[in-house]
Amino acid sequence: TELKGQWYMGKLGLTLFNRIEPYIKIGTSDLKVKWRHYAQDIEVDADSGFALGGGVKAKIWEFENLGIRLTGDAQYRTTKPDVSEIAVSGTNVIDRGATFKIDEWQASLLVSKKFEIPLKLQSIYVVPYTGVTYADSNADVNFTDPNSPGTDYSLFDANNKKLYGFVLGCDIVPSLSSSFIYSMELRLVDEIALSLGGTVKF
């Protein structure tokens with residue numbers, strides 16, 4: 001089974017005790033899934049759909065003089081878009097009752113270091129980070145082919161083949177007083193995923 005596509009999500013977070021950051025994510029997904037059903041190639045493409053998630057980030061340890069921080073992060077996200085297109089070995093299938101639901105769980109342990117870049121008006125702060133990740137997902141995709149009503153086309157809650165991976169990322173903070181953070185993240189090994197986004201902190 002192969003899941004492809006993009007998640008476009010904004011993040012709202014709240015910092016508590018200068019250590020814990022619960023957050024929510026709201027956005028959209030644009031996904032499709034492929035798998036083989038015996039000798040048939042199945043492809044199900046979904047419309048852009050509402051996506052929702054949440055999690056918590058916690059500072060585990062910090063070496064303030066060195067600007068190095070050890071952080072843990074656990075999050076969940078889900079989406080249930082409408083199905084836009086179904087193909088069975090290249091032949092289009094219409095099923096108004098098709099189901100497409102994805103649930104994902106992720107946890108990571110990250111090491112980061114803060115660098116100050118002085119500019120004319122004020123300094124900006126760049127925080128590259130790296131670490132290890134654990135990720136799993138549940139893909140619930142099924143449909144019926146009117147030309148073959150006795151066949152059950154379903155992923156039966158398929159999960160990730162590889163659960164552990166590697167992450168590289170970078171946060172950009174316009175100033176120490178800024179409530180907005182720009183971020184870029186690349187996940188490898190268990191998945192190949194590039195995330196671009198922003199965080200608003202309260």
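Here is a short tour of some strands, a turn and a core, one selection at a time.

Before you click, know that this is a predicted model, where local features need pLDDT of at least 70, side-chain atom pairs count only at pLDDT 80 or more, and totals for chains, interfaces and linings use all residues. Residues are numbered from 1 along each chain as its sequence is written, and side-chain values use heavy atoms, with hydrogens and water left out.

Select residues 20-37, strand E2, and residues 40-46, strand E3: they pair in the antiparallel sense over 6 bridges. (Strands are DSSP runs of E, at least two residues, numbered from the N terminus; two of them pair if DSSP finds at least two bridges between them.) Look across from Trp35 and you'll find Ile42 in E3. The hairpin has 2 residues between its strands, and Tyr38 in the turn has a positive phi of about 60°. Tyr38 is exposed, with a relative accessible area of 75% (exposed means over 50%, buried under 20%, partly exposed in between, with a 1.4 Å probe and protein chains only).

**Stop two: the next strand over.** Val44 stands opposite Ile86 here.

**Stop three: the core.** Which residues have the most contacts inside the largest nonpolar core? Select Trp35, Val44, Phe100 and Phe143; the core has 21 residues. (Such a core is a set of buried Ala, Val, Leu, Ile, Met, Phe, Trp, Tyr and Cys residues joined through side-chain atoms within 4.5 Å.)

**Last stop: Phe17.** Find Phe17 in the loop between E1 and E2. Phe17 is exposed, at 76% relative accessibility, and its phi is positive, near 60°.

Definitions and conventions
Helix = DSSP H or I, 4+ residues; strand = E, 2+ residues; numbered from the N terminus.
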